[in-house]
Amino acid sequence: MVRTESFAMENTMQHYAWGSQSLLAGLRGEAPTAEPEAELWFGAHRSASSRIIQLGGRGAVQLDETIAENPGLLGAAVGERYGRLPYLLKLLAAARPLSLQAHPNLGRARQDRKSTRLNSSHTDISRMPFSA
């Protein structure tokens, strides 16, 4: 059986000096901000989990905690394999140039002789015209 529920979420904004004061605010239909908004995180990262908005004014619950308590929400295969949401979606809004980040998995990092102390496996790739 496929679950068809959807949930409204509050997501975590990361404020870095290179962030835009208007792009993410504009996407949310809000006025530009005084503080730069660099990354909007969608996911269950342990340090900045999204929050699920509960219906009926009952507040919000942490997405990472909800998944930990109910790994089947991810689907049987993902829940069994990872037990957590296996990715973090970041929406970036750069107003100034920033460095490219690539976080290979541990095997690739060892192969490339970079680092053996990685604790994540992800790659950030973006293709969008940019000038600052």
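Three strands form an open sheet in the order β2-β3-β6, and their pairing is antiparallel. The edge strands, β2 (12-14) and β6 (88-92), each pair on one side only. From one strand to the next, the twist averages 25°. The model is predicted.

**Sheet pairing**
- Strands of a sheet pair through backbone hydrogen bonds, in either a parallel or an antiparallel arrangement.
- Strand β3 covers residues 39-43 and pairs with β2 in the antiparallel sense over three bridges.
- Thr12 has Trp41 of β3 as its bridge partner.

- Ser20 sits in the loop between β2 and α1 (23-27).
- Ser20 counts as buried because its relative accessible area is 9%, and the cut-off for buried is under 20%.
- A polar atom of the Ser20 side chain lies 3.0 Å from the backbone nitrogen of Ser22.
- Leaving aside residues up to four places away in sequence, Ser20 touches Pro36, Glu37, Ala93 and Ala95.

- Arg96 belongs to the loop between β6 and β7 (102-103).
- The relative accessibility of Arg96 is 44%, so Arg96 counts as partly exposed, a class that runs between the 20% and 50% cut-offs.
- A polar atom of the Arg96 side chain lies 3.0 Å from the backbone oxygen of Ala17.
- Arg96 and Trp18 are 78 residues apart along the chain, and their C-alpha atoms are separated by 5.1 Å.

Note on methods. Residues numbered from 1 in each chain as written. Predicted model: local features only at pLDDT ≥ 70, side-chain atom pairs only at ≥ 80, totals over all residues. Heavy atoms only, no water. Pairing = 2+ DSSP bridges. Helix = DSSP H or I, 4+ residues; strand = E, 2+ residues; numbered from the N terminus. Axes fitted to C-alpha atoms, helices over the stretch in contact; angles between N-to-C directions. Buried < 20%, exposed > 50% of the residue type's maximum accessible area, 1.4 Å probe, protein only. Polar contact = N/O pair within 3.5 Å; in protein donor to acceptor, adjacent residues only side chain to side chain. Contact = heavy atoms within 4.5 Å.
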